[in-house]
Amino acid sequence: MKKTLLSLAAAAAVMSFGTMAAEAKVKACFIYVGPIGDFGWSYQHHQGALEAQKQLGEDNVELAYLESVPEGADAERALERFARSGCNIIFTTSFGYMDATNKVAGKFPDVKFEHATGYKREHPNVSTYNSKFHEGRYVQGVIAAKMSKAGVAGYIASFPIPEVVLGINAFMLGAQSVNPDFKLKVVWANTWFDPGKEADAAKALIDQGADIITQHTDSTAAMQVAAERGVKAFGQASDMIKFGPDTQLTSIVDNWGPYYAKRIKAVMDGNWEQSDVWGGMADGHVVMAPYTNMPDDVKKAAEDTQAKITGGFSPFTGPINKQDGTEWLKAGEVADNGVLLGLNFYVKGVDDKLPQ
Amino acid sequence: MGVIEAILLTIATAATPLLIAAIGELVVERSGVLNLGVEGMMIMGAVTGFGVALLTGSPWLGMLGGIVVGALFSLLFGFLTLTLVTNQVATGLALTLLGLGLSGMLGESFVGQPGIRLPNLHIPVLSDLPFVGGLIFGQDPIFYVSIALTAGVAWFLFYTHAGLTLRSVGDNHASAHALGINVIGIRYLAVMFGGACAGLAGAYLSVVYTPQWVENMTAGRGWIALALVVFASWRPWRVLAGAYLFGAVTIGQLHAQALGLGIPSQLLSSLPYLATVVVLVLISQNKRLTMVNTPASLGRPFVPDR
């Protein structure tokens, strides 16, 4: 009898301990638009998730993720499933999840939602976050203008949305700060991910005289073409140095880990609050891969530019004219975030007609 | 290297995987089987080609691996549709989905690793000739394989007895069966040939076109290959013309953009598809020609009566 009581007590102790541990453990869930094997956008988000878990401890954070979730009705279903399955915080990592995120957040007020690159926060449990990748593109522009012999760079763009236009403009402004006559050719691939097409776009740009290639699409194909043709290139989203050991100048690395760790920690501590974060180089969201394959003076110029931006300089500081020559920003005037997030025109000097 | 030469070389690279996959599917459809799993077989070929090349260090073994796995993977389709007589459309779609998922799983450790590229042909003197040197004597070996494959299939289908037998199976399987032809056996072989071609086309993507592995890297090329077969009204040389037309419009629009001509890029991007639709419409004007070339038993299941 005594033995039974003891074991009962022991069992009860184990049980209560078990539930306590389960309560303290935060379940963080991620929805990705592409496969985590894309070595680009979704890959970097997943790396961030893993890093956050590592930082906070596997005993404290449980991860769950769904990859290749189409934007639209499917996303809503996936989100609801996640919310019901005990997720405490859900990260929706693509622009197109915006409406689904807000809709499901309304139904599950106790679950925290974090939506990447969007702007709608219709419920108090929805936050938005994004990174100022264009800061990195400004640095790339500086490097490109210093490294290019032809004075022409090629830009492989995905879709004409503000974020991409912002990147093209920042690159151009960086290049113009070194060489006011710098030329930029833009090719719209109209896809985020198609290695073959990205490679073809890179070939077209190089065949037409560009000797620096940069991209706002996700695969490493353009880097490989640049390596084959003997021109220099910038990586995208992740460090692509392996694909162009003698080619990559630097790469903008999406570094989501610190933000994810911070937000999951906030849920653990019970002090999560709605926020809208647009972090840049100064916050560690945008990291530049090592500056390689360039002379020391160019490296110095790149590092100085990076330091300037980290110190608070905005690439969009006037005087800046629009493509048609009309004035956009007066000398010393800085474009505010709202304007940048909705940017739909080119700055002067871009050799392309922006698709509307 | 002049711009024109460069453009032509780029077009050849873009057209080659489409041509190879489409020629394979053409043979399958000529035997009366509709395999919508081209994309799935291609991606399996791509992951195998990349993996074998990386692990063995030989891009040639990679290509071979792609061919073998493509053929084996198509055998699954063959078993389901020919032996178990499942619905060909549904099974083909399932094959594509399975291939996309399975390849992602198999290739997980290959992500982010640069691959090994199959080197271009180089014949001393000939390859260095101006203009024609690079185009005729300096391309990747698979380019020549694709042309030879087209010629071989055209000859086989229309100038050999075996080819006639295969076409008869595709046109009227009941009559062919009554004549004592092994309908199921021939279809198995055709399906495997299609799988091998799709596998080779996939390996071409991951070993020649863009030597890397990423999930979903075929990006719909299997579907374009399927469309090309119809576009070409089941004639091999027209498949070649279609693949090169598609490649030319794709590459041409990229160059038009880089030139800064100011034509909306969305319109330019849709041009290859628009061109395909226009040609399809033109071809279907001639009803008799279409009737003659369409395999009459296409997609119809065959169960031999006992």
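Let's start with a crossing. In chain A, the axes of helix 2 (residues 41–56) and helix 9 (residues 257–269) come within 8 Å and cross at roughly 50°. Axes here are lines fitted to C-alpha atoms, for helices over the stretch in contact, with angles from 0 to 180 degrees between N-to-C directions. That angle makes helix 2 of chain A oblique to helix 9 of chain A. Under 35 degrees counts as roughly parallel, over 145 as roughly antiparallel, 65 to 115 as roughly perpendicular, and the rest as oblique.

A word on the model. It is predicted: local features need pLDDT of at least 70, side-chain atom pairs count only at pLDDT 80 or more, and totals for chains, interfaces and linings use all residues. Residues are numbered from 1 along each chain as its sequence is written, while chains are lettered from A and ligands numbered from 1 in the order in which they are written.

Back to the crossing. Who makes the contact? Helix 2 of chain A brings A:Gln47, A:Gly48, A:Ala49, A:Glu51, A:Ala52, A:Gln55 and A:Leu56, and helix 9 of chain A brings A:Gly257, A:Tyr260, A:Ala261, A:Ile264 and A:Lys265. Contact means C-beta atoms, placed from the backbone, within 7 Å.

Now chain A as a whole. It has 11 helices and 15 strands. Both are DSSP runs numbered from the N terminus: helices are H or I, at least four residues, and strands are E, at least two. The C-alpha atoms of chain A fill a box of roughly 90 × 40 × 40 Å along the principal axes. Of the 356 residues in chain A, 49% are buried. Buried means 20 or more other C-beta atoms within 10 Å of the residue's own, with C-beta atoms placed from the backbone.

Over to chain B, helix 4, residues 88–106. Its 19 residues, at 1.5 Å a residue, should span 27 Å, and the end C-alpha atoms are 26 Å apart, which agrees. The expected span is 1.5 Å times one less than the number of residues. Buried residues of this helix include B:Leu95, B:Gly99 and B:Leu100. The buried residues of helix 4 pack against helix 2 (38–56) and helix 3 (59–83) of chain B.

Last, where the chains meet. The contact takes 35 residues from chain B and 31 from chain A. On the chain B side, helix 1 (3–30), helix 9 (183–209), helix 11 (236–258) and helix 12 (265–285) each supply at least two residues. Which helix of chain B gives the most? Helix 11, with six residues.

How values were computed
Buried ≥ 20, exposed ≤ 12 C-beta atoms within 10 Å, placed from the backbone. Contact = placed C-beta atoms within 7 Å.
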